[in-house]
Amino acid sequence: MTNQNFSENCVNTIKDCLSIITSFHEKFYFLERIKEKINGLLCSLTNIFAYCSEPKISRKVSRYGDIYFEVYDPVFNKHMSFGSEQEVRTWLEHRCHY
């Protein structure tokens, strides 16, 4: 075998190896991107379901000018009114224990 043939064989072998490595890298990158998208979707779904179970609290003013708080609890499907922020906080603390 001549030096030229040996060199060509080495170059071709290296090209083949690089081709395999590049192909593997592209597939690996593609799988990583799919994994990232699935994780993002799962995170979004978790946030949606967590948000849906959170109580909705609104600060209101009565026709007499008094401030009160309306609370909707989607877990128990209940509407409640409280006269102060402290009452709402107390209710929230106790709600966590149910």
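Three strands form an open sheet in the order 1-2-3, with antiparallel pairing. The model is predicted. Strand 1 (56–61) and strand 3 are the edge strands, and each pairs on one side only. Averaged over the sheet and with direction ignored, neighbouring strands are turned by 20 degrees against each other. Strand 2 and strand 3 are joined in the antiparallel sense over 5 bridges. Within this part of the sheet, Val71 stands opposite Met80 of strand 3. Helix 2 packs on the sheet and touches strand 1, strand 2 and strand 3. The direction of helix 2 makes about 20 degrees with that of strand 2.

The protein chain as a whole holds 2 helices and 3 strands. Read from the N terminus, the order of elements is α-β-β-β-α. Of contacts between residues at least 6 apart in sequence, 10% join residues at least 24 apart. The chain has 98 residues, and buried residues make up 9% of them. The chain exposes about 8,600 Å², of which 60% comes from carbon and sulfur atoms.

Burial was examined next. In soluble globular proteins, nonpolar side chains tend to be buried together. Here, the largest nonpolar core has 6 residues. These are Phe69, Val71, Met80, Phe82, Val88 and Trp91. Strand 2 (67–73), strand 3 (78–82) and helix 2 (85–95) each give two or more residues to this core. Val71 and Met80, which stand opposite each other in the sheet, are both core members.

Leaving out residues up to four places away in sequence, Phe82 touches Tyr68, Phe69, Val71, Glu87, Val88 and Trp91. Phe82 has a relative accessible area of 14%. The cut-off for burial is under 20%, so Phe82 counts as buried. Trp91 also counts as buried, at 14% relative accessibility.

A search of the whole structure for aromatic pairs finds 1. The pair consists of Phe82 and Trp91, whose ring centres lie 6.0 Å apart. The ring planes meet at 40 degrees. Planes under 30 degrees apart would count as stacked and planes over 60 as edge-to-face. The pair is therefore tilted.

How values were computed. Residues are numbered from 1 along each chain as its sequence is written. This is a predicted model: local features need pLDDT of at least 70, side-chain atom pairs count only at pLDDT 80 or more; totals for chains, interfaces and linings use all residues. Side-chain values use heavy atoms; hydrogens and water are left out. Rings of Phe, Tyr and Trp (its six-membered ring) pair if their centres lie within 6.5 Å; planes under 30 degrees apart count as stacked, over 60 as edge-to-face and the rest as tilted. Buried means under 20% relative accessible area, exposed over 50%, partly exposed in between (1.4 Å probe, protein chains only). Helices (H or I, at least four residues) and strands (E, at least two) are DSSP runs, numbered from the N terminus. Contact means heavy atoms within 4.5 Å. Accessible areas come from the Shrake-Rupley method with a 1.4 Å probe; for residues, only the protein chains shown count as cover. A nonpolar core is a set of buried Ala, Val, Leu, Ile, Met, Phe, Trp, Tyr and Cys residues joined through side-chain atoms within 4.5 Å. Two strands pair if DSSP finds at least two bridges between them. Axes are lines fitted to C-alpha atoms, for helices over the stretch in contact, and angles run from 0 to 180 degrees between N-to-C directions.
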